[in-house]
Protein chains: 2
Amino acid sequence: MRVLPDEIAVVNVGLPMFAEAVRAQGGTVTHVDWRPPAGGDPDAVRALTRLYSSPTVDTANAEVLRRLDTGVPFLTGVRRADEVVPGVEGRMLLHCGPAITWEHVADPLRRSMRAATVAEGWAADVGEADRLLADGAVRLEPANHHDMVVPMASAIGPSAPVLVVDLTPDDGSEPVRAFAPINQGPGEVPWFGRDTDAAIARLRLLRDVVGPALSAVLERSGPLDILAVAAQGIAMGDDLHMRTQAATNLLVRSWVGHVAALPDDVRGPFADFLAGNHLFFLTPAMGAAKALTLWASRVPGSSIVTSMARNGTTFGIRLPGSDRWYTTAAPPVGEALYYSGLGPDDAAPDIGDSAVLELVGLGGPAAANSPAVAAFLGGSMADAAAATDAFRRICVGSSSRFTLPAAGFAGTPVGVDLRKVVATGVTPKVNTGILAASSGQGQVGAGVATAPLECFVEALHALAGT
Amino acid sequence: MRVLPDEIAVVNVGLPMFAEAVRAQGGTVTHVDWRPPAGGDPDAVRALTRLYSSPTVDTANAEVLRRLDTGVPFLTGVRRADEVVPGVEGRMLLHCGPAITWEHVADPLRRSMRAATVAEGWAADVGEADRLLADGAVRLEPANHHDMVVPMASAIGPSAPVLVVDLTPDDGSEPVRAFAPINQGPGEVPWFGRDTDAAIARLRLLRDVVGPALSAVLERSGPLDILAVAAQGIAMGDDLHMRTQAATNLLVRSWVGHVAALPDDVRGPFADFLAGNHLFFLTPAMGAAKALTLWASRVPGSSIVTSMARNGTTFGIRLPGSDRWYTTAAPPVGEALYYSGLGPDDAAPDIGDSAVLELVGLGGPAAANSPAVAAFLGGSMADAAAATDAFRRICVGSSSRFTLPAAGFAGTPVGVDLRKVVATGVTPKVNTGILAASSGQGQVGAGVATAPLECFVEALHALAGT
């Protein structure tokens, strides 16, 4: 025989309305904030169940995390792309994001491609460049297919100088080499979707002055341990994506003696270029992140994302051990601040390969110690901490080299796990610039792009075989 | 007729043992952590009572705080000391701290004076320099008496290059001009108490190369708003005393184009000097602090300290409106980290004019956002925050330009009030280097010097007329 107890207390899991109903009747209730994994989607739950019960995924993830956290990429030199980047030859442009055909290329990237086509000498002006590109006379290839990552609306021609980033795996396997362009700096520049004469001139300055000068500096300084500088930058308030001021300045001070030793013809313009470019360190950091993810992507069977890129039209991710992209439409950039008089209607969708930084513990994962990023996310350091915490929910580990003083010197979250993304519905948020949709005026603001969930779900099913 | 209440609760103020006695008997007690002002010293309490009830002190303090917080000092040029510093002529050295005679000069400062005497060409070697100094053939003057501040064991000769710092008061009064030397950098250098050939050579390098080069850079760049850079440095983890890395690097990046334009004979050595000197910004910051305190010291009747300096033998402070020093023996540097194999027995007492930084919201008041300083104070950011909070207890206001992201963007404490120091017994703590007591080996560690209370009490009585 059962007897009801004198007092009943309620534990409510999930929808809060039931807890409220108990409270309204004077009952005692403890509410547990719980949601079904993957929003309750039975197919996704099945895939998650399979992947979470597979020890091989966890083993692979542990090795991927180890590589992302411990690899040491060095900036070893600067070379013309066609001298050093595998598969670059003839009339070819390497662009941001997944593969795309000209008719689907977004306006800022079209402009950047036109500027590069003129700078390469294939066309006399942007009108002729446009016709060549529309005719398919210039081959378009994702930079990511050539071990390179490029920021915003970059398009890189064969004569462009590229940073060479080398990583020696500690397991004796084949050396890893990755590439990134030299950051073009602020103003009228192709990576911001400009195709003016000044934008074309910037590409020539990079090729004729900045690239050779930087190459000479590196010959004098020797290889640069990129992430050692990045770690110092983070302690000084960089997130190393939206802000690279501290890391850039550290580098410039350590290099100033080498700059002074450059030949007369390049010294002044190169120094002025450095002085005016606080985002100089962005592309070395991206190249280092690409080297880490290239090494990590040799591990099959992992659920950790090792490519994340956007071309202004599509957003895509890839998993280790496979060249397959999982793509969806590029999202708009939200939580945005626009330049005066501009707004969401003027903005192109999210663009660029720089989201690779968020995969290795930089950018959003490092927001918690960045006052500059906090200013974007709501103004308080608590807002910045929340951005880091969001990555902590979807990452498999913490960095042992990127530590956050403002978070008790905790390591930044590293290794975005597809399973956690789908289970929680929390996707990576990327701090990024915003380019003009079609006016050709370049950057119109900056904000936070939230990765779309769909391609993570698709990748989950592919990995689970469901 | 009176009746005792049924229940009695106790509020205990002061000594905790009474509260414990009540608790031991089962009583309810609220303990108030209170101590008598000035440790209960009746003379000091009388002086405090007089000064706290005087509206003229508060009025003067408000104006001093306004000047310290709003003055805008510019670095306007670099000149030989004897061309520009008032009263510098003949065989004279300007040294750190209050006035002192040769027989009382501490070993590190003696060595620095010898090195300067040789670099000036007054002696052929340090032996001859020592005899000249002992004979009184070189006049010794506190830098502070010539509107200058010098770090650690500096001694500045007439031919030394000095930073010229100009401040235009917003009240139309006479312009303020202050001076500071160029930071000598790390290694075998006189400001660390070295008198080797290399140390003497560094003084000549400053005079013959660094000074003229820096002058040329400033001519190209125009006047530098020193504290605008300092404010950025603080947001990037500098305290601007123990660490000036971020501010130095900001400056070097902004100047790299001007460095590249220097003539061949000075460009390389000057650039190498900048590349190796992350404390370069220390002396511009000190010069700016001196300009602020010079302007503030024109306000009579204030209880805010406007000079605080040490020469390795005596520690001294001054108040606005008076040239009188209140001095006591220089304290040892506590909470110290020593280089391997060295300890307190190897250490000279606290030395240098850099404590002027702590009077304007830099150094200790800015510790809360500095991971590098935290590493010194115990390791956690909470330790760094405690250092800032200690200054908040003895300061009259907060900076409107130096804000601390790690403290919710609160301003750093500004304006050390003698009254608060004596009332609480909390004296300024200064983050500083430690020099060898007598071995001549230079820096032996770093730590925190706690200002001695005695001279604050003496100044309090002088101000109160008690």
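Contact is taken here to mean heavy atoms within 4.5 Å. In this predicted model, Arg310(A) belongs to strand S10 of chain A, which spans residues 307–311, and, leaving aside residues up to four places away in sequence, Arg310(A) touches Cys96(A), Gly97(A) and Pro98(A), the run Asp350(A), Ile351(A), Gly352(A), Asp353(A), Ser354(A) and Ala355(A), and also Phe315(A), Val430(A) and Thr432(A). With Thr432(A) the side chain of Arg310(A) additionally forms a polar contact of 3.4 Å. Because its relative accessibility is 0%, Arg310(A) counts as buried, the cut-off for that class being under 20%.

The contact between the two chains draws on 29 residues from chain B and 29 residues from chain A, and about 2400 Å² is buried between chain B and chain A, with 64% of that area on carbon and sulfur atoms. On the side of chain B, the greatest losses of area to chain A fall to Met236(B), Arg253(B) and Val256(B), which together make up 30% of what that side buries.

Between chain B and chain A, 0 salt bridges are counted, whereas 8 residue pairs, both members at pLDDT 80 or more, are in polar contact. Helix H9 (245–260) and helix H10 (264–275) of chain B each supply at least two residues of the side that touches chain A, and H9(B) gives the most to that side, with 12 residues. By residue class, the side of chain B that touches chain A divides into 15 nonpolar, 10 polar and 4 charged residues.

Methods. Residues numbered from 1 in each chain as written. Chains lettered and ligands numbered in written order. Predicted model: local features only at pLDDT ≥ 70, side-chain atom pairs only at ≥ 80, totals over all residues. Heavy atoms only, no water. Helix = DSSP H or I, 4+ residues; strand = E, 2+ residues; numbered from the N terminus. Buried < 20%, exposed > 50% of the residue type's maximum accessible area, 1.4 Å probe, protein only. Polar contact = N/O pair within 3.5 Å; in protein donor to acceptor, adjacent residues only side chain to side chain. Buried area = accessible area lost by both parts, 1.4 Å probe. Salt bridge = Lys/Arg side-chain N within 4 Å of Asp/Glu carboxyl O. Nonpolar A, V, L, I, M, F, W, Y, C, P; charged D, E, K, R; others polar.
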